[in-house]
Amino acid sequence: VCVSVFQWSLVVHEFNKYFYFLLQEIKALLALRGKPFIPDEKFKEKIKSYYTSRSAFELWGHGQTHSELRASLLSYQSENMSPFMHKDSTYRINIYTFNKTLEFTDRIKRIDALDYLPFEGTVNLKSPQHIFCLLEDYGTDPNNIPEHPNSVYFGRWLADGQRELIHSHSVKNRHFIGNTSMDAGLSFIMANHAKVKENDLVFDPFVGTGSLLVACSHFGAYVCGTDIDYNTIHGRGRSSRKNQKWRGPDENIKANLRQYGTEKTFLDVMVSDSSKSVWREAALFDAIITDPPYGIRESTRRTGSHKDITKPPDGIYLESHIPVSQAYHLSDIFTDLLNFSAHHLVMGGRLVYWLPVYRPEYCEEMVPLNPCFQLISNCEQTLSSHTSRRLITMEKIKEPEELDSLTHLADPRFSPYQGHNAFREKYFSGLNKRRGKEDNKLDFNDVQSKNASR
Amino acid sequence: MKLLTHNMLTSHVKGVTKGYPLLIKATEVKVNEVEFNPQFVSRMIPKLEWSALVQAAEEDLPGELVADYETNEEFLKKVHRILLEVEVLEGCLQCPESGREFPISRGIPNMLLNEDEA
């Protein structure tokens, strides 16, 4: 039985919180290639762009149960296995379980159960030539761990992922960070989800400190962004670094790109209100990647007069008129974002963004839709017990002109997020009331470290 | 602000219908050296409003796009220079219909409108 090259796929070595992101990332990367590929040296180079994996694997078989895995492995061509299993080779088998801890004896049982595979080499635990991995996925809910895994995979370790890249791009080392600078790994994941490639034009309408642009420029895309906050764009104001009062004059997005040698791909950043587009009506961008404000860490704002005026941060350098901002309802942000993207993305271009979610009320229908888009993926990252954010990837499949102008109004799914409007209120209702609504000093790291220790 | 960006911007002052292209009133312009990437320039050309670029460039760019520009390296180099190397550091962009000015400071345009203009 000939194994189709489409069955070459890669699975994360260490199941961690990014597992589901990885699967989508893989699909996006496979789609980007468009055609089947041979897993040779070139392929191994491509593996290096799988940011979520510490290592990546050549998948030999998978299934929803161990017997399915066995059937899958038995249909894998033996000539693809034998180079790594011949009698003069050494190997070891690792067992990895996501969301469950296995007893030592159970691990041994599983290794023993793989004896139907033609291992002819010798086991060497210290420095084997080949490492095989059995991976078991027990879902994502730590409070509801199934007895049997949802899916199992078996494969051979191939090459290191780009954890080193993530480390070198760590926000701690980066010149210019803000309170909401994207975790370096996630920026690259977002760029992969958006199928960002060399010579693309990428836009971030809530650019902040430019974390996402930095990741995209690494792929050779030319980047631009806008943000309503004058001081962030200019690199001024209170510093996010612990021991620093004011941001230095060289702290700006361009400097970040320069640090990574991708300055040539920096187009522009501008001070602008994303709810009021400044771009001419044309399919300008190959991808739109963004992390809109949730209204928790950074306050959501939009120009226009309103009773609800946000207090400007202290010590801002008033060089030009900073207009009065009004509260920008969360649902409007996403409706505007989807609408903007429909008008300004190329056909087939992708929109990738974070959607904040109040978990107790979340349902799939809440993900905003737009008739010009197809929903590609929806991956959750838990922030706290009652909040999370979802990485949404959408692909443009229709031009706005092709639609009946009333289409998007007719379908209630095209603005379903309205029920989530009180995200800020719901978020804070679970916290100490003393902090109050307008507290912008909430430390994201507190939430993250609480989450990590679970 | 680079001229590639300028080519894509339009005035969004309320009520304005002919807000493109914005007029450039520069008080400080810089020409940087940016690595020439012919593929990127070729990809961008179809997205451009050519006449607006010619107008902004004030240089000898042909009034109409040349045929097979993808292989014309000399032409691409010219376009590259205009799109990516010329940078307006100080000045403003002016709406051609309303006259409203959007300031450019340290190379960064401020496109925010006031409450009454939005």
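Trainee: How many residues of strand β9 of chain A are buried?
Mentor: Buried means under 20% relative accessible area, exposed over 50%, and partly exposed in between (1.4 Å probe, protein chains only). Strand β9 (residues 285-290) of chain A is largely enclosed by the rest of the structure, because the buried count is 6 of the 6.

Trainee: Is A:Lys396 buried or exposed?
Mentor: A:Lys396 sits in strand β14 (residues 387-396) of chain A. Leaving aside neighbours within four places in sequence, its contacts (heavy atoms within 4.5 Å) include A:Leu345, A:Met347, A:Cys372 and A:Phe373. With a relative accessible area of 1%, A:Lys396 counts as buried.

Trainee: Which side chain makes a polar contact with the side chain of A:Lys396?
Mentor: A polar contact is a pair of N or O atoms within 3.5 Å; within protein, one must be able to donate a hydrogen and the other to accept it, and residues adjacent in sequence count only if both atoms are side-chain atoms. The A:Lys396 side chain has such a contact at 2.9 Å, and its partner is the side chain of A:Glu399.

Trainee: Which helix gives the most to the lining of the largest cavity?
Mentor: A cavity is a set of points on a 1 Å grid over the protein atoms alone where a 1.4 Å probe fits but cannot get out, and lining residues have an atom within 4 Å of a point. There are 4 cavities of 30 Å³ or more, and the largest holds about 120 Å³, a volume being the space filled by probe spheres set on points joined across faces, edges and corners. Its lining has 16 residues, with A:Phe203 and A:Asp273 among those nearest the centre. The top contributor, with 4 residues, is helix α11 (residues 330-344) of chain A.

Trainee: What is the mean pLDDT of chain A?
Mentor: Go carefully with residues 1-27 of chain A, where pLDDT stays under 50. Over residues 173-182 of chain A, pLDDT is below 50 too. Where pLDDT is low, the predicted coordinates should not be read in detail. In chain A, 56% of residues reach 70 or more, and the mean is 69.

Trainee: And what pLDDT does chain B average?
Mentor: In chain B, helix α1 (residues 3-8) has the highest confidence at 97, while α3(B) is lowest at a mean of 93. At least 70 is scored by 99% of the chain B residues, and the average is 92.

Trainee: In which order do the 4 strands of the chain B sheet come?
Mentor: 8 bridges join β1(B) to strand β2 (residues 86-94) of chain B, with B:Val31 partnered by B:Val86. The sheet is open and its pairing antiparallel, in the order β1-β2-β3-β4.

Trainee: Which strands of chain B stand at the edges?
Mentor: Look for a single partner strand, so that one side is left without a neighbour in the sheet.

Trainee: Last one: how far apart in space are B:Leu65 and B:Ile45, C-alpha to C-alpha?
Mentor: B:Leu65 is in the loop between α3 (50-57) and α4 (73-85) of chain B, and is partly exposed at 34% relative accessibility. Beyond four places in sequence, B:Leu65 touches B:Ile45, B:Trp50 and B:Phe75. B:Leu65 and B:Ile45 are 20 residues apart in sequence, and their C-alpha separation is 8.8 Å.

How values were computed:
Residues are numbered from 1 along each chain as its sequence is written. Chains are lettered from A and ligands numbered from 1 in the order in which they are written. This is a predicted model: local features need pLDDT of at least 70, side-chain atom pairs count only at pLDDT 80 or more; totals for chains, interfaces and linings use all residues. Side-chain values use heavy atoms; hydrogens and water are left out. Helices (H or I, at least four residues) and strands (E, at least two) are DSSP runs, numbered from the N terminus. pLDDT is the predictor's confidence in each residue, from 0 to 100. On a 1 Å grid over the protein atoms alone, a cavity is a set of points where a 1.4 Å probe fits but cannot get out, and a pocket is an open set with protein on both sides within 12 Å along at least five of seven lines; lining residues have an atom within 4 Å of a point. Two strands pair if DSSP finds at least two bridges between them.
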